[in-house]
Amino acid sequence: MATYRFSGDDAQALARRAEEGILPVLKAQSGFKGYSVAIGDGEVLSLSIWETRDDAEAGSAVVASWVAENMAGEIDLIDVRYGEIMFSTTLGVTTLAGTPA
């Protein structure tokens, strides 16, 4: 999960550029499972799902490179965090044995 601060007032255009530019690059990466972007209060929350932490770290480097080349001066990285998904209705992950998420 990465958090960015952005300038400007067209969050829709920013999200569209990310979907058109970053998403195809991520889909080509080993271990990629999914990607979501949420924008609010001048921040972008970028959540990517990967098979392994190594895949996630490699994906973060790819995103950082793309952002530097394509959105320099428009968004600034605030924080990057890694974690293991414990349950998710979207991904079908559950902590309850024998129960679909």
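**Overall arrangement**

The structure is a predicted model. Its secondary structure comprises 2 helices and 4 strands, and these elements follow the pattern β-α-β-β-α-β when read along the sequence. Taken along the principal axes, the C-alpha atoms fill a box of roughly 50 × 30 × 20 Å. The protein has 101 residues, of which 26% count as buried. Among contacts with a separation of 6 or more, 61% are made by residues 24 or more positions apart.

**Pairing of the strands**

Strand β3, residues 43-50, may be taken as a point of reference.

| Strand | Residues | Bridges to β3 | Direction | Example of partners |
|---|---|---|---|---|
| β2 | 32-40 | 8 bridges | antiparallel | alanine 38 and leucine 45 |

Strands β2 and β3 form a hairpin with 2 residues between the strands. Aspartate 41 lies in the loop between β2 and β3. Its phi is near 55 degrees, a positive value in a residue other than glycine. Is aspartate 41 buried or exposed? Aspartate 41 counts as exposed because its relative accessibility is 84%, and the cut-off for exposed residues is over 50%.

What does the side chain of serine 46 contact through a polar contact? The partner is the side chain of tyrosine 35, at 3.1 Å. Leaving aside residues up to four places away in sequence, serine 46 touches Met1, Ala2, Tyr4, Tyr35 and Ser36.

**The nonpolar core**

The largest nonpolar core has 17 residues, and those with the most contacts inside it are Tyr4, Ile22, Val67 and Ile75. Elements β1, α1, β3 and α2 each supply at least two residues of this core. Which element gives the largest share of the core? The largest share comes from α1, with 5 residues; this helix spans residues 11-27.

Valine 67 illustrates the links among these residues. Not counting residues up to four places away in sequence, valine 67 touches Tyr4, Ile22, Ala72 and Ile75. Tyr4, Ile22 and Ile75 were also named among the residues with the most contacts inside the core.

**A buried charged residue**

Aspartate 55 is found in helix α2, which covers residues 53-70. Although aspartate 55 is buried, this residue has no salt bridge. Where is the nearest side chain of opposite charge? That side chain belongs to lysine 33, which is 9.5 Å away. A salt bridge would call for a separation within 4 Å. Apart from residues up to four places away in sequence, aspartate 55 touches Ser30, Gly31 and Trp50.

How values were computed
Residues are numbered from 1 along each chain as its sequence is written. This is a predicted model: local features need pLDDT of at least 70, side-chain atom pairs count only at pLDDT 80 or more; totals for chains, interfaces and linings use all residues. Side-chain values use heavy atoms; hydrogens and water are left out. A polar contact is a pair of N or O atoms within 3.5 Å; within protein, one must be able to donate a hydrogen and the other to accept it, and residues adjacent in sequence count only if both atoms are side-chain atoms. Contact means heavy atoms within 4.5 Å. Two strands pair if DSSP finds at least two bridges between them. Buried means under 20% relative accessible area, exposed over 50%, partly exposed in between (1.4 Å probe, protein chains only). Lys and Arg count as positive and Asp and Glu as negative; His and the chain ends are not counted. A nonpolar core is a set of buried Ala, Val, Leu, Ile, Met, Phe, Trp, Tyr and Cys residues joined through side-chain atoms within 4.5 Å.
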